[in-house]
Amino acid sequence: MVAGQFRPQTGINKQPFVIPSLQEWNGGNGHFKLLPNSRIIISAGAEKLLTPAAMIFLQELKLLTGYTTISIAKGKAKAGDIVLGIDVTQKNLGNEGYSIAIDQTIHVRAPYYKGAFWATRTILQLLEQDPSHHQIVKGKAHDYPKYEVRGLVLDVGRKFFTLDFLKHYVKMMAYYKMGDFHIHLNDNGFKQFFEGDWNKTYSAFRLESSTYPELTARDGHYTKAEFKELQLKAQLYGIRIIPEIDVPAHSLAFTKAFPEIGSKAYGMDHLDINNPKTYEIIDNVFKEYIGGKDPVFVDPEVHIGTDEYSKKEAESFRAFTDHYIRFVKGFGKKVRLWGALTHAQGNTPVTAEGVTMNAWYNGYAEPKEMVRLGYDQISTPDGSLYIVPAAGYYYDFLNVKRLYQTWEPNQIGNVTFLMGHPKIRGGMFAVWNDHVGNGITMKDVHQRVFPAMQVLAEKMWVGKTAQSDWNNFAKNSINIGEGPGLNMRGVVPSADADSLVLKNELLAKSSKSIQLPLKEIGYPYSVAFSLKPAIGSNVDVTLFNSENARVFLSKADSLRLGFSRENYTDIFDFAFEQDKTYKIVITGNEKGTWLYVDGKLVQKMEGKKLSFANTKDKISRMQTLIFPLSEVGDTKNAAHGLVSGLKVYNKRLNEILIANLN
């Protein structure tokens, strides 16, 4: 327990709401006001260190406030300025701590870069919640995390996420001071959903490999240069990217390239850990990314996977694990791995020094025993913190209320450690894309991550305090988004109670598309328009378009509405007649997409299941759509005359309201 100079909160102005909460607050009187000519001033001697933070902060202030004339400057601060400084006398605040003094000017002081950068996130969140984005309450804050590791595991092996998505996540995680982004770079689907055939089962390794080019996934990967640039940019945002190469299970991507190292006993998603060739190949894989003077993996820590292998091979598994701990450490790195050594009990020693476990399931790694053996722990309990989208097990959406009220990282499953235990580094939640091809898009994954990100950022930075109040948190958290310039959820606020966010008769005649002021609208929504289908050519006609999705009129067999996003396409069953005008309403949320024609529901795209010949198991096939609204039509096929009378609502209209539209 840190007593803190301003804990509990004191002073006149009440402690302002941010995520995560400020550790200490002493309220002043009145407000700081950001001005069109406000400046960011870097204290003398800190220019070289803090210029990257100041440049990022400047760009985001302009995006948030609309003040394009804010600048970075030198000299004495005046009213409205923000001063960023390094203060080595404040090392008691730790690597990530900082202080803010908010008066006529704002003074940020931190002992290190990361703390100063986190302070800019606090300032941005405070400005975001002001209706004009220009005002902050006066006061002083001291802030620092309770836990060192606060992060997210993202499985990109079974579902590809674009580099732009990862860059957006770096910015969003930084906005919530979530410092560790663990990227799970290889994995595979389940054989029963691929005709029981390992050769047909989906697998991917997401990095470019010049050592073994055949390893690199053809349907989406990151070049070494791209991945390195992502890590270096992340560092400027205070984010550590922890890359994971997962072996010896979850390893079908390797055995497809090299069948001779696959396990005949346990399946081709397992490496044969008794085969010397396995060690030769996997050594070379790791070496490609951690070797040399300028390695591809930038962070001091690398994750080597190591779990869910057969208990019968415990001694060989332990030897394999120890080999890769030592191998990776031989290149100057520290090691992270998945906890598995209770499951794989044996006599073969496994190095503990410089090794951190993601403690995910106590049956695989009993936390107290792992601590006794010397392993640091990151609380990643599957029973609380695993998102597996639309799978029907673990969580589709985390129970964020329960997590807020009952969990913090000193709890690993049913084991609770004393607060401040030196072996508990922090916590992480995880997204596992187990069901390959289930219709879940990057947008859908994000829809699940975002509410968890807000709550777990709070729990990993401050834990539970006397001020913790779920109702207050839930009410205020909706006013904080993903960070300046980010809106991956497609949130469109409405000024009126009727939730109407866009109205356009679409009467302009154009041989090209009609541009709209919105990019897209996220869940929940309703889009109403008149449709007068025409045959014309046999080419499908784009009705609504964005960079992420397309709604079109299909002319394959008959005239039908359909939509595409990422690699998925769905077409409604309802057939239209040509040259007849219809009143259309499409509504959507995170569960599915519904079509109304002339005031009547004609199809619910929701709850679809995929069956397989060789197994009773089924998987959900999601039919969701973040509705595209960048343009009506496209440059080749104008939609003039086909679509008119557009209305967009940021809620799902009920059937009475839909009927009234007609």
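Me: Why is Asp87 called buried?
Reply: Its relative accessible area is 19%, and buried means under 20%, with exposed over 50% and partly exposed in between (1.4 Å probe, protein chains only). Asp87 is under the limit, so it counts as buried. Do keep in mind that this is a predicted model, in which local features need pLDDT of at least 70, side-chain atom pairs count only at pLDDT 80 or more, and totals for chains, interfaces and linings use all residues. Residues are numbered from 1 along each chain as its sequence is written, and side-chain values use heavy atoms, leaving out hydrogens and water.

Me: What makes the link between the side chains of Asp87 and Thr89 a polar contact?
Reply: The two side chains come to 2.5 Å. A polar contact is a pair of N or O atoms within 3.5 Å; within protein, one must be able to donate a hydrogen and the other to accept it, and residues adjacent in sequence count only if both atoms are side-chain atoms. The 2.5 Å pair is within that limit, so it qualifies. Beyond four places in sequence, Asp87 touches Arg109, Ala110 and Pro111 (contact means heavy atoms within 4.5 Å). Asp87 itself lies in the loop between strand S5 (82-86) and strand S6 (98-102); helices (H or I, at least four residues) and strands (E, at least two) are DSSP runs, numbered from the N terminus.

Me: Which side chain makes a polar contact with that of Glu308?
Reply: That of His250, at 2.9 Å. His250 lies in the loop between S13 and H5 and has a relative accessible area of 17%, so it is buried.

Me: What makes H1 roughly parallel to H2?
Reply: Helix H1 (residues 47-65) and helix H2 (residues 113-129) pack at an angle of about 10°, with their axes 10 Å apart. That angle makes the pair roughly parallel, because angles under 35 degrees count as such, over 145 as roughly antiparallel, 65 to 115 as roughly perpendicular and the rest as oblique. The axes are lines fitted to C-alpha atoms, for helices over the stretch in contact, with angles running from 0 to 180 degrees between N-to-C directions.

Me: How do the residues of the contact of H1 with H2 divide?
Reply: Into 14 nonpolar, one polar and three charged. Ala, Val, Leu, Ile, Met, Phe, Trp, Tyr, Cys and Pro count as nonpolar, Asp, Glu, Lys and Arg as charged, and the others, Gly among them, as polar.
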